[in-house]
Amino acid sequence: MSIEITGVSKSFGPVAALKDVSLSIAEGKIYGLLGRNGAGKSTLLNIITNRLFADSGTVLIDGEPAAENDRALGKVYLMSEKHLYPEGMKVANVLKWSRHFYPDFDMDFALTLAEKFGLNLNKKVKALSTGYSSILKIIVSLSVNVPYVLLDEPVLGLDANHRDMFYKILVERYSLRPATYVISTHLIEEVAGIIEDVIIIKEGEIIRQESCEGLIAQGYTVSGNRTVVDQFIADKNVIGSDDLGGLKSAYILGTLDRGAVPADLEITRLDLQKLFIQLTA
Amino acid sequence: MLINTEDQRPIFIQIAEGIEDAILTGAYPEESQIPSTTEISIRYNINPATALKGVNILVDSGIMYKKRGVGMFVMAGAREKLQQKRRNQFFENYIVKLIAEAERLGISPREIIMMIERGYER
């Protein structure tokens, strides 16, 4: 059981948004879909859910083509930036209609979440602030009970407390009812501990897909006196560096031979955000 | 227990060491049940698979054991075992680093010993 994306390309006029993207999204894992603005994250998620049509390539959901296939698409929920609800609709009715579209929708859970977040059920969708608009979409996403939930910028406009609540509820929900979650976000540090696999997209191409822990373990940071650092990194795969006067930190991909490190150099781990910044610069 | 994604150690190692610390301080007494991996992952916003990986290190090294359908428990004798392990690491983790810093600052071995004595007198 998986979503298999094979050779998907998509252009908007002269702009190639996705270039021959192939990707496998397995069942029951939390993925981080990371990319800079305009890298093609939303385009990819919209193609998976048939909201946009690929110029070429295929998307299979549990072995079935996704395009124009209600049964396959019923297994996937996309929380996107845009609201698809009529603006005059009340929050309570959004939840009610979600149950019509997703037979396994958990209304009790949705109402519990609405109370936890303080979402007013009688408000109209258009009257919600950016934060509460995200909260409504989060609540629907976590209540639909489908095997694949794609979250495009889920915490947009949420304050720190609500973001923390969301991460905790997501982890709890995932523990009790494992499903696949693909989280596209710019707040990398906040999700670094939650995501199991990372997908990094750059200018329409997938440049990395692997376990988060595995990716981080592939590199290290070396810091110290600039001359000594420069000597040490001369024959290494340097993905970036920061200078501060005579001090230098260099980010290296590759395995470290601890014995070969000069005593006055400090070796530290790469963190996901730094690695991401260097890989997508 | 504090979990930091920018820490030097992988998160699952931090989980294992955090539980070890709690056993050493007596917060998790021997034969008592520790929080479930679900509780740990919610508390620290981490993936349940990572929490499980951390807990499994302790199961493999005989610090904890699983009771099927009930949960995870601290093994009898775990505290002493951990004390022994931490004693073995004490030289690497503290003394080697202490000497390296002392050398950078030009502190003599004799001065270090005097400082240690002063530390005990406080």
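Modeller: Contact here means heavy atoms within 4.5 Å. Keep in mind that the model is predicted. Start with A:Leu272. Leaving out residues up to four places away in sequence, A:Leu272 touches A:Leu34, A:Ile188, A:Ala192, A:Ile195, A:Val198, A:Cys212, A:Leu215 and A:Ile216.

The largest nonpolar core holds 60 residues. A:Leu272 is among the members that touch the most others, along with A:Leu136, A:Ile139, A:Val140, A:Leu142, A:Phe166 and A:Tyr181. Two domains of chain A, domain 1 (2–212) and domain 2 (218–280), each supply at least three residues to this core.

Four strands of chain A make an open, antiparallel sheet, ordered 12-13-11-14. Strand 12 (237–244) and strand 14 (266–269) of chain A are the edges. Each has a single partner strand, so one side of each has no neighbour in the sheet. From one strand to the next, the twist averages 25°.

Look at one pairing. Strand 11 (residues 219–225) and strand 14 of chain A run antiparallel and are joined by four bridges. Across that pairing, A:Ser223 stands opposite A:Glu266 of strand 14.

Last, the helix. Helix 9 (residues 226–233) of chain A packs on the sheet. Helix 9 touches strand 11, strand 12 and strand 13 (247–253) of chain A. The direction of helix 9 makes about 145° with that of strand 11 of chain A.

Notes:
Residues are numbered from 1 along each chain as its sequence is written. Chains are lettered from A and ligands numbered from 1 in the order in which they are written. This is a predicted model: local features need pLDDT of at least 70, side-chain atom pairs count only at pLDDT 80 or more; totals for chains, interfaces and linings use all residues. Side-chain values use heavy atoms; hydrogens and water are left out. A nonpolar core is a set of buried Ala, Val, Leu, Ile, Met, Phe, Trp, Tyr and Cys residues joined through side-chain atoms within 4.5 Å. Buried means under 20% relative accessible area, exposed over 50%, partly exposed in between (1.4 Å probe, protein chains only). Domain bounds come from an automatic or database domain assignment. Two strands pair if DSSP finds at least two bridges between them. Helices (H or I, at least four residues) and strands (E, at least two) are DSSP runs, numbered from the N terminus. Axes are lines fitted to C-alpha atoms, for helices over the stretch in contact, and angles run from 0 to 180 degrees between N-to-C directions.
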